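Here's a friendly walk through one protein model, for someone meeting it for the first time. Have a look at the sequence and the fold, then read on.

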Amino acid sequence: MMELRWGANMTGRAVLLAGAAWLALAASAHAQQPLATVPAAPAPAPAVDDGLGDTGYYLESDLLIRDDTNQKMIARGDVEARYQGRTLRADEVVYDTKTEVVTAHGHVTLINADGTAQFADDLTMDKDLKAGVARGFSARLDRNIKIAADTAIRRNEQITELNKAIYTPCEVCAEKPKPTWSIQADKVVQDKNRHLVYYHGATIRLWGAPLMYLPVFWHPDPQTPRSSGFLTPKLAVSKRRGVTYQQPYLFALSPSQDLVLSPQINSKVNPFLNGTYRKRFYSGSVEARFGGTYDKSFDNHGDRFGDATFKSYILAKGEFEVDQNWKWGFAAERASQALIFDDYDINDVYQTRGLFTGDDHRLTSQIYATRQDKRSYFSASMISVQGLRVVAVDPTTGLGNKFENSGAFPFIGPMLEGRWQPESPILGGRLRVQGSGVVLTRSESQYGEAPYNYAAYKGQEGVDSTRGTLQADWRASVVVGPGLRIQPFAQARGDAYRVSDVFLPTTALAAGDTSSINYTRGLGVAGVDLSLPMFKALKNGGSVVLEPLVQVAAGSSSSRVPIVVARDGAGNPIYFNEDSTNFELDETNLFQVDKSPGFDLYEGGTRMNVGGRATVKLADGRGGSLLVGRSLRTKVDPLLPTRAGLDQKASDWIVATTITPMRGVNIFSRARFDDNNGTLNRIEAGLDVFKSRGFASLRYLRDNKDTSGLRQENLDLNADYKLTKHWGVTALGRLSYQDGNAYSPPTKSEWSWTRRDLGVYYNDDCIRVDVIYQNQDRYTQTATGLRLKSDESVVLRLTLATLGDTGYSQ
C-alpha cells in the first residue's frame with residue numbers, strides 16, 4: 001500500500017478530493033422522492049482533530065499512479081479521501097489535469113460529518129464542481145430520507161436533475177423491500193432559486209401499490225427551512241356538507257411571516273375559505289385565523305333555504321414585550337353567525353387567546369397591558385363578549401328559538417388591577433396592598449333575556465356600573481413547639497359602587513324611569529391559620545404526613561351590594577351581583593377567608609374552617625392524599641348561597657382524594673356531602689392512564705343542583721390504544737344527562753350521547769392514516785327554527801413524513 005499525505009499547498013489535487021462536495025450538493029435534490037434499497041450509512045464517528053484543518057486533505061489507496069503522458073492522476077484500490085470533515089471512498093478516482101475533470105468509479109460513497117451518506121456507481125464533475133453527472137445515484141439524508149436515481153445531473157449550482165428517481169423517508173431493507181410510501185418519477189428537478197422541487201410523471205405509492213398519478217407535481221424543497229407549498233389535506237364525508245376536501249397551502253412570505261389558505265370544497269354547500277396568518281416581531285408575535293363564504297343557511301342534511309349572505313369569522317391574538325416588565329396584547333374574536341363554527345367544522349375555536357380565559361360557545365375580544373416585577377403587578381384591560389349559545393328551546397317541537405343576546409353581556413372596560421408588596425416585613429409579616437376597578441356597560445337589559453325573560457325589561461337599557469376597591473392584606477408565619485405552624489392574618493377592604501340605568505317598573509318610580517345609585521362599604525376580618533404536620537418515614541424510603549388544619553376568622557358581617565336592579569315576575573327583588581354568582585365550595589377555597597369568587601358578595605361573620613389532610617408517598621412513585629373538611633359558623637347567614645350549606649351553621653362536608661396506585665395511573669375525586677343526611681350533592685372524579693401502548697382519560701361530574709338550579713351530570717372519555725406495533729384505535733365521547741326542568745313546561749329527563757368519535761389508525765416511522773367516525777349533537781338551522789340534531793361524519797387524514805406536516809388548525 002502506498003500512502004501519501006498532502007498539504008494545503010497542493011491545490012491541483014484538491015479538486016480530486018473535493019468531489020465529495022459535489023456529491024453532497026447533488027444529494028440535496030431529494031426534494032421529496034422515495035427510493036429503493038440504500039446501503040446503510042456507517043454510524044457517524046465523533047469529530048476528532050486529524051490535523052488537516054480547513055484546507056488540508058488526506059488520500060489513501062492501494063495504488064497511486066501519475067500518468068504524465070495522458071496528464072492524469074489515478075488512485076486505485078480501496079481509495080479513501082478525507083477533506084473538510086467528509087470521507088470519500090471508491091474503487092478508483094481519476095483526476096485529468098488537462099481537462100480538470102474528476103471521475104470516481106465503483107462503489108462510490110461519501111460520508112458527511114453529520115452522518116448522512118451518498119452513493120453512486122460512477123461520478124464525473126468539472127473543476128469548479130458546478131456541473132457533473134452521477135450514475136446509479138442514491139443517498140441517505142437527515143430525517144431518514146432516502147433517494148435513488150438512475151442518473152443525477154447537476155447543471156449548475158442552482159439546478160439539479162434526477163432521472164428515474166424514487167424518494168421515501170420509510171425504512172427499506174431486505175426484509176422490507178417496499179417502503180410504506182414512496183414517490184417515483186420520470187424526472188425530478190430541484191430549483192434552489194425558487195426553493196421548489198418539480199416532478200414529471202410522478203406516482204405516489206402506498207405499500208408498493210400505485211395510489212395516485214400526477215403528470216406534474218411540485219412541493220417545497222425539504223432542505224429549505226421554510227418555503228411555500230401544499231400541506232396535508234383533509235377528506236371528510238358528513239350529512240351537512242356532503243363530501244368535503246380541504247387542501248391547505250402555505251405561503252412563506254418572509255423568514256418571520258407566513259400565510260396558510262385552506263379552501264374547503266363541499267359537495268352540498270358552497271366552498272368555505274379558511275386562512276391563518278402569522279408574523280413574528282422582535283418584541284412579540286401576531287396570529288390571525290379567519291374564514292368566510294357566501295351562501296344560504298342550510299340544515300342538517302345540507303338543504304339550503306333563505307337568502308344568501310356573507311358568513312365570516314376572525315380569531316386573532318397578539319402579544320408584545322415593551323421591556324422586561326411591561327407587556328401588552330390583544331385578542332379579536334368575532335363571528336357573523338352563531339353556527340358558523342359548527343356548520344363548517346372549524347376546530348380549536350374556544351381557546352385562551354389573551355389575558356382572560358375563554359368559554360365554550362362564547363367569543364372574547366380583549367386588549368390589555370400588564371406590568372410585573374418582583375414586588376408589584378398592574379394590569380389594564382377592556383373586554384367584549386359575543387354569545388353563541390342557544391338559550392331557549394321549545395320542548396314540544398325540539399326547536400331552539402333564540403341565541404344569546406350579546407347586547408346583554410357587559411362591555412368590560414376599563415378594568416384595572418394592581419398589587420404592591422413592600423420589600424421589608426411589616427410587623428413581622430408580609431403586607432400586600434391591592435386595588436382594582438371596573439366599569440361595566442350594557443346596551444340591553446339582561447333581565448329581558450334568558451334565563452330571566454321578564455317582559456317588562458324587553459328593550460330596556462342594561463344596568464351599568466362602576467366599582468373601585470382598595471384592600472390591604474397582612475399575614476405572618478411562625479413555627480412553635482413540636483412543629484405547630486401559626487399564621488395570623490388581617491384584611492381590610494373598602495368598596496365604592498355607582499350603579500346606573502336601574503329600571504324598576506313595579507316600584508314607586510314611574511314606569512319607564514331609571515335611577516343611579518351610589519354605595520360604599522368597609523369590610524375587615526382577622527384570624528389565624530393553624531396546622532400541625534406530623535411526619536413519619538417509612539422503611540422503604542416513603543413517608544406518611546398527617547396534618548390537622550384549622551382556620552378561625554372574625555370580622556364584618558356578610559355583605560352584598562344592597563341595590564335592587566330588577567324585580568322578577570312575582571315582584572321579588574333582584575340584587576346587584578355581577579361577579580359572584582358562580583359560588584362553589586370545594587377543597588380549593590375551603591380555607592380561604594372569603595370564599596366568594598368576586599367582589600359583589602362578601603363572606604363575613606365569625607366562622608371556623610376545619611379539616612385534616614393525609615399524604616402517603618412510597619419510594620416506587622405510588623401514593624395518595626385525602627382531605628376532609630367543612631366550614632362552621634356561629635349563626636345562620638341568609639346572604640350566602642344555600643347550595644353548599646354555607647348559609648347554615650355547618651356547611652356540607654368536603655372530601656378530596658388523589659391516588660396513584662401504580663406508575664402511569666392517576667385517580668382523583670372531589671365530593672361534597674350533605675351535612676344533614678350524608679347525601680352526595682356533588683362529585684367530580686377522573687381517571688388518567690398512561691402506558692406504553694397508549695392513554696385513557698375518564699371524567700365524571702354530577703351536581704344535584706348547579707348554579708342555575710338544575711341537575712348536571714356527564715361522563716367524558718378520551719382514549720388512544722395501540723393494538724399492535726402499528727395499528728391503534730381512538731375514542732372520544734360524552735354522555736350527558738338532560739334535565740327536563742330546563743324547559744318550560746318541564747319535559748322528561750334522560751341520558752343521551754352528545755358526542756361519539758371512534759377511530760382507527762395506522763402509524764409507523766413515515767406515515768399515519770386516520771379514519772374517524774364522528775357523531776355529535778349540534779344545533780342546526782332549519783326553515784322553522786333551530787333544531788338539535790345528530791351530525792354524522794367520516795374523516796380521513798393521511799400524513800406523510802416530511803411532506804406537508806404542520807401544526808396549523810383548520
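How many salt bridges does a search of the whole structure find? The search finds 41, where a salt bridge is a side-chain nitrogen of Lys or Arg within 4 Å of a carboxyl oxygen of Asp or Glu.

## Ground rules

This is a predicted model, so local features need pLDDT of at least 70 and side-chain atom pairs count only at pLDDT 80 or more, while totals for chains, interfaces and linings use all residues. Residues are numbered from 1 along each chain as its sequence is written, and side-chain values use heavy atoms, with hydrogens and water left out.

## Charged partners

Side chains of opposite charge can pair when their charged atoms come close. Take E584 and R672, whose side chains meet in a salt bridge at 3.2 Å, N to O. This pair links distant parts of the chain: E584 sits in the loop between β37 (573-575) and β38 (601-602), and R672 in strand β42 (residues 665-673), 88 residues apart. (Strands are DSSP runs of E, at least two residues, and helices are runs of H or I, at least four, numbered from the N terminus.) E584 is buried, with a relative accessible area of 19%, and R672 is buried at 2%. Here buried means under 20% relative accessible area, exposed over 50%, and partly exposed in between, with a 1.4 Å probe and protein chains only.

E584 and R672 also belong to a network of salt bridges that links E584, E587, D652, R670, R672, R682, E684 and D703. Elsewhere, E80 forms a salt bridge with R82, the closest N and O atoms being 3.5 Å apart, and R82 counts as partly exposed at 25% relative accessibility. D359 pairs with R362 too, with the closest N and O atoms 3.8 Å apart; D359 is partly exposed, at 36%.

A nonpolar core is a set of buried Ala, Val, Leu, Ile, Met, Phe, Trp, Tyr and Cys residues joined through side-chain atoms within 4.5 Å. The largest one has 42 residues, and F137, I147, L162, W181, I183, V188 and Y199 touch the most other members. Strand β12 (residues 196-206) gives the most to this core, with 5 residues. A second, separate core of 14 residues includes V269, F272, A335 and A338.

There are also 17 aromatic pairs. Rings of Phe, Tyr and Trp (its six-membered ring) pair if their centres lie within 6.5 Å; planes under 30 degrees apart count as stacked, over 60 as edge-to-face and the rest as tilted. Y167 and W181 make a tilted pair, 6.0 Å centre to centre with 55° between the planes, and both are buried. Y497 and F576 pair edge-to-face, at 5.8 Å and 75°. Y497 lies in strand β31 (residues 484-503) and F576 in the loop between β37 and β38, so the pair ties together parts that are 79 residues apart in sequence.

On a 1 Å grid over the protein atoms alone, a cavity is a set of points where a 1.4 Å probe fits but cannot get out, and lining residues have an atom within 4 Å of a point. Grid points are joined across faces, edges and corners, and a volume is the space filled by probe spheres set on the points. The count comes to 5 cavities of 30 Å³ or more.

The largest cavity holds about 110 Å³ of space. Among its 13 lining residues, D345, Q774, R778, D791 and S793 are the closest to its centre. Strand β48 (767-781) gives the largest share of the lining, 4 residues.

Key
On a 1 Å grid over the protein atoms alone, a cavity is a set of points where a 1.4 Å probe fits but cannot get out, and a pocket is an open set with protein on both sides within 12 Å along at least five of seven lines; lining residues have an atom within 4 Å of a point.
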